[in-house]
Amino acid sequence: MKIMVAVKRVVDAYVAIRIKNDGSGVELANTKMAMNPFCEIAVEEAVRLKEAGLAESIHVVSVGDDACCETLRQALALGADCATLVETSEPLQPLAVAKCLKALVEREKPDLVILGKQSIDGDNNQTGQMLAGLLGWAQGTFVSKLTLTDGQAIVVREVDGGLETLQLTLPAVITTDLRLNEPRYAALPNIMKAKQKPLTKVPIVELKVESDARQTLMQISAPEPRSKGQRVNSVAELVAKLHNEAKVI
Amino acid sequence: MSILIIAEHNNKQLNPVTSSLISAAQTISQEIEALVVGHQCQSVAEGLASLAGIKKVWLVDQSACKYPLAETIAPIVESIADKYTHIVAPATTFGKNFMPRLAALLDVAQISDITQIESDDTFVRPIYAGNALAKVQSKDTKKIITLRPTAFPPVTETQTPATVEALNIISENTLSQFVGLEKSESVRPELTSAKVVISGGRGLQSADNFHLLERIADQLNAAIGASRAAVDAGFVPNDYQVGQTGKIVAPELYIAVGISGAIQHLAGMKDSKVIVAINKDEDAPIFEVADYGLVADLFEALPALEKAIDELKTS
């Protein structure tokens, strides 16, 4: 089985973002970037399937500018075999990313595509489902357990009501939730080896996909800060204030 | 303009989030229709038809639609999408699952998890775990939207029921099959619609200690939530998680116990009306969003809180 994993470079999850003064966006210059945490889980799951003998190869892909090569190299260091960057200087919206991924899937013919369920910058939670829709494939979203058997994927999904189990016909698209696995750290020798693994760059025009922005970003603003709260010194004072002042109990 | 609302339900009851879709849709147009896809769910469709503002309810009722699989529901919505300028579903795991698939089938860029409607094509949505708000204008002729239910008031008024009309669309999903659902049974209010939520974090130290929250939840008719750390540690099931990637709540009162207040947790609860934080670390970030902060050992504070609420209720 061939697995394709899509990864995204985002602002590091532990960095407090800064909004540009003119409201045109979030400051990315001199900001620490990292692989989206859900994408790390996607890479890890693919590597585990390969280690278990269920997959022969892992192809990791990303869509973005040259800086995304760093993210792809990280995935190679974690155990992916080869990488492709779809080069574009424009930040693409999920539909356009899904179209790029569809073009790559048609070239590479993987049996399974694994993505993070959402990126922690745009919080859109769309790309995997869109890719599955464009390909006409089954989708397993928000997956916390994945089992492959006989041309089928059994997925356990984290849904609002609990845990849902589905059986999907392969090929399929899977998006990862937090508890699917705990990603490993890349070992130094593997980081060195990753530099020798193949990384191909494909200019987006070569894929012949329509990638026009369908949405205009009008403004980015900071949410209203909450008004300053107060410290209470005892449970008795807390309950009295909740009753008399806030009137919520 | 004409809007289609996709109802969330369990074949017996309408999920209350659906009624928030109506009030949101009304700010765009009064031409609001709804679609119920399920099995033996006529009563759900009838209940929805009685909610004020609904002009018509379409019903697809067949055994293949018992569970809302994306591969089943997206093509059904696609087949009737032509008539509508806006298609709206809740930004719950139900809506998040099939709506982007539908958007791709229609070649439309979805607008996810909106919290404000500026006009029929301009919406505000939180990004970066709610640390920024993006105002976006859609250029697509059809808008595919998921909407954060807690940001819009539920419609509770009723009306003379609108027509419920059955649609004979046969689902042809051969890609996926439902196997099972492991539900967390609870007699408490549902987390996302509860007026009071009490949540525990890693500070509770064990699954057993979550019982300390249960007694207070019973007193206040509260739902119980948890931080990601508590879920990851196995103290409670996944569906308790409040946060950026879990559930978004905005109750009248949110009590955070032993929760440090990671950015991704704050993203799920900071729109609560009143926030109480109980934590022994006085520098915990949760205190920055708390209206009332109590620096205390939760194992002493919780029994005291239970007693104090008891006294208040009996006085």
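Does Thr245(B) belong in a legend on buried or exposed positions, and what relative accessibility places it there? Is Thr245(B) buried or exposed, and at what relative accessibility?

**View 1. Thr245(B) is placed in a loop of chain B.** In this predicted model, the residue lies between helix H6 (228-232) and strand E14 (253-257) of chain B; helices (H or I, at least four residues) and strands (E, at least two) are DSSP runs numbered from the N terminus. Thr245(B) counts as buried because its relative accessibility is 10%, where buried means under 20% relative accessible area, exposed over 50% and partly exposed in between (1.4 Å probe, protein chains only). Leaving aside residues up to four places away in sequence, Thr245(B) touches Phe38(A), Lys117(A), Gln118(A), Leu178(A) and Gln264(B), a contact being heavy atoms within 4.5 Å.

View 2. Asp160(A), Arg214(A) and Arg226(A) supply 12% of the area that chain A buries against chain B, more than any other three residues. The two chains bury about 6600 Å² between them, 55% of it on carbon and sulfur atoms; buried area is the accessible area (1.4 Å probe) lost when two parts are put together, summed over both.

**View 3. Polar links cross the interface of chain A and chain B.** There are 47 residue pairs in polar contact, both at pLDDT 80 or more. A polar contact is a pair of N or O atoms within 3.5 Å; within protein, one must be able to donate a hydrogen and the other to accept it, and residues adjacent in sequence count only if both atoms are side-chain atoms. The rule finds 5 salt bridges across this interface, each a side-chain nitrogen of Lys or Arg within 4 Å of a carboxyl oxygen of Asp or Glu. Arg179(A) and Asp232(B) form a salt bridge through their side chains (2.9 Å, N to O).

View 4. Val232(A) stands opposite Leu294(B).

**View 5. Helix H3 (residues 70-80) of chain B is largely enclosed by the rest of the structure, because 8 of its 11 residues are buried.** Among the buried residues are Ile73(B), Ile76(B), Val77(B) and Ile80(B).

**Conventions.** Residues are numbered from 1 along each chain as its sequence is written, and chains are lettered from A and ligands numbered from 1 in the order in which they are written. In this predicted model, local features need pLDDT of at least 70, side-chain atom pairs count only at pLDDT 80 or more, and totals for chains, interfaces and linings use all residues, while side-chain values use heavy atoms, with hydrogens and water left out.

Terms used. Two strands pair if DSSP finds at least two bridges between them.
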